[in-house]
Amino acid sequence: MSTFADYIALTAANWSSLKHYAKSPAHYRENADNPQEQTAAMLLGSAVHCLCLEPDAFHGQYAVAPEVDRRTKSGKEEWAEFEAEHQGKGIITGEQHTLAQGMATSILAGKTGNLLTLCSERELTLTWEDQVTGLQCKARLDAVDLINGLAVDIKTTEDASPKAFARTVYNYLYHGQAAFYLEGLHQNGFTINRFLFLAVEKKPPFGKAMFLCSEELLASGRILF
């Protein structure tokens, strides 16, 4: 299994970069020249993914920051020691850690947890050449159920209700991502034709819902990508 660092190092286009073309080539170039730094929300989402999909790797990839006053000499020294000890890891606050654990616990319980148990492929890295443009592409999928022909993508969200999440799908172009990922699976010989979003809310009670992409939504996503 390749690591996330291995995936990032691959020279190929991924959906996170390509989606900026939905606005204009200028927006794509701006993003390519000035890649977005990882925000607190992105870091929290990554931590949730790790807890759900690779829980044994969590402490090797993330560290919970101590509560120190970095305005003081002792606080600065303690923080410097902490950073040195956990160099290369994602640093999350105690509050973020609590939220990530709450979301992961919600996802891993009941039917959603059973669904992930069926997924033999976790954090699956794919590369392929686009058949029309010759563009080298890459994707890293959360989970794939090879038996039932289903790809699963975990999304953290403010509101997992059907109406709200439907707006989120279109606002963040998740349907284009789903179609792009399915194309990558097909180009790598996987017979996967269904795509499911597993949405979990970022605040207690960490409500969750599963949304299977319709053929109409995937067709719209294919046109987009």
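Predicted model: local features only at pLDDT ≥ 70, side-chain atom pairs only at ≥ 80, totals over all residues.
Residues are numbered from 1 along each chain as its sequence is written, and side-chain values use heavy atoms, with hydrogens and water left out.

The side chain of Arg 140 meets that of Glu 123 in a salt bridge at 3.6 Å, N to O; Arg 140 lies in strand 4 (residues 136-145) and Glu 123 in strand 3, so the pair ties together parts that are 17 residues apart in sequence. A salt bridge here is a side-chain nitrogen of Lys or Arg within 4 Å of a carboxyl oxygen of Asp or Glu. Glu 123, found in strand 3 (residues 121-129), is buried as well, at 11% relative accessibility, and has a positive phi of about 50° although it is not a glycine.

## Other salt bridges

By this rule the count comes to 4 salt bridges. One of them joins Glu 158 and Lys 202, with the closest N and O atoms 3.8 Å apart; this pair links distant parts of the chain, since Glu 158 sits in the loop between strand 5 (150-157) and helix 9 (162-171) and Lys 202 in the loop between strand 6 and strand 7, 44 residues apart. Glu 158 is exposed, with a relative accessible area of 56%.

Asp 69 and Arg 71 also meet through their side chains in a salt bridge, at 3.0 Å, N to O. Asp 69 counts as partly exposed at 32% relative accessibility, whereas Arg 71 is exposed at 72%.

## The loop between strand 6 and strand 7

Pro 205 has its place in the loop between strand 6 (194-201) and strand 7 (208-212), and a cis peptide bond with omega of about 10° joins Pro 204 to Pro 205. Phe 206 is found in that loop too; its phi is near 55°, a positive value in a residue other than glycine, and at 14% relative accessibility Phe 206 counts as buried.

## The chain as a whole

The chain has 11 helices and 7 strands, where helices (H or I, at least four residues) and strands (E, at least two) are DSSP runs numbered from the N terminus. Buried residues make up 44% of the 225 residues in the chain, and the C-alpha atoms fill a box of roughly 60 × 45 × 35 Å, taken along the principal axes.

Technical notes
Buried < 20%, exposed > 50% of the residue type's maximum accessible area, 1.4 Å probe, protein only.
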